Amino acid sequence: MNKQDIISRLKDFPYSCEEYWVITGSAMALYGIREQTHDIDMGCTSAMADKLVSDGYSYQLTESGNRKFNYGDDIEIFENWKCGSIEYIEGIPVLSLDGLIEMKQDLGREKDFRDIALIKEFCRGRELDIE
C-alpha cells in the first residue's frame, strides 16, 4: 500500500478519526518516509475498541492487556497504543514523528532500528530536531 492507498482506505473507514490514529509503517508511508507498507496499523481509544466489539469484531489481548483487532485483511487496530502527539495528514490522524521513534525504540526489533534511522534522516532533511 502506498500513501494514496492508505488515504483512500481510511476515507471509507466507518469509525471517527477522533478515536484512532495511524502508527508504524503506515504512518511512515503517510509522512513520505517510505513508499510502501504491507498493511495499516492503527491505535484506538478504549471507546472505539468497545464499538468494535459491539460491532462483532473479535480480538486478542496483547501483553499489556489491551485489545488487538483485525479489521478486514489489511488493518490491525491496537487499543491505546500511542506514544506522543497526533498530527493530521490529509485529514488522517497520524502519530507524530517523535512518537514513531519512541514506539519503534520500545519494539526494539532490527527493522525498527532501521526505521528509526530513516525517520531521523527524513527529519534532518526537513530540519526537524528529533533525538
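This note sets out numbered points on the salt bridges, aromatic pairs and surface patches of a predicted model.

1. Basis of the note. The model is predicted, so local features need pLDDT of at least 70 and side-chain atom pairs count only at pLDDT 80 or more, whereas totals for chains, interfaces and linings use all residues. Residues are numbered from 1 along each chain as its sequence is written, and side-chain values use heavy atoms, with hydrogens and water left out.

2. The structure holds 11 salt bridges, each being a side-chain nitrogen of Lys or Arg within 4 Å of a carboxyl oxygen of Asp or Glu. One of them joins Lys3 and Glu90, at 3.7 Å from N to O. Because Lys3 belongs to helix α1 and Glu90 to the loop between β6 (86-89) and β7 (92-95), this pair ties together parts that are 87 residues apart in sequence. Helices (H or I, at least four residues) and strands (E, at least two) are DSSP runs, numbered from the N terminus. A salt bridge also forms between Arg9 and Asp74, whose closest N and O atoms are 3.0 Å apart. Arg9 lies in helix α1 and Asp74 in the loop between β4 and β5 (75-79), so parts 65 residues apart in sequence are tied together. Arg9 is partly exposed at 25% relative accessibility, while Asp74 is buried at 19%; buried means under 20% relative accessible area, exposed over 50%, and partly exposed in between (1.4 Å probe, protein chains only).

3. Helices α4 and α5. Lys104 and Asp115 form a salt bridge with their closest N and O atoms 2.8 Å apart. Since Lys104 is in helix α4 and Asp115 in helix α5, the pair ties together parts that are 11 residues apart in sequence. Both Lys104 and Asp115 are buried.

4. Aromatic pairs. The count comes to 7 aromatic pairs, where rings of Phe, Tyr and Trp (its six-membered ring) pair if their centres lie within 6.5 Å, and planes under 30 degrees apart count as stacked, over 60 as edge-to-face and the rest as tilted. Phe13 and Tyr15 make a tilted pair, 5.4 Å centre to centre with 55° between the planes. The rings of Tyr15 and Tyr71 have centres 6.3 Å apart and planes at 80°, so this pair is edge-to-face. The latter pair links distant parts of the chain, 56 residues apart: Tyr15 in the loop between α1 (3-11) and β1 (20-23), and Tyr71 in strand β4 (residues 67-71). Phe13 is buried at 6% relative accessible area; Tyr15 is buried at 11%, and Tyr71 is buried at 11%. Ring pairs join Phe13, Tyr15, Tyr20, Tyr57 and Tyr71 into a cluster.

5. Surface patches. Patches are made of residues with over 30% relative accessible area and no salt bridge; like charges are joined within 9 Å and nonpolar side chains (Val, Leu, Ile, Met, Phe, Trp, Tyr) within 5 Å. Accessible areas come from the Shrake-Rupley method with a 1.4 Å probe; for residues, only the protein chains shown count as cover. Lys and Arg count as positive and Asp and Glu as negative, with His and the chain ends not counted; the place of a charge is NZ of Lys, CZ of Arg, CG of Asp or CD of Glu. Glu87, Asp98, Glu102 and Asp106 gather in a patch of negative charge on the surface, to which helix α4 (residues 97-107) gives the most, with 3 residues. Val53, Tyr59 and Leu61 form a nonpolar surface patch, with about 290 Å² of accessible area together.
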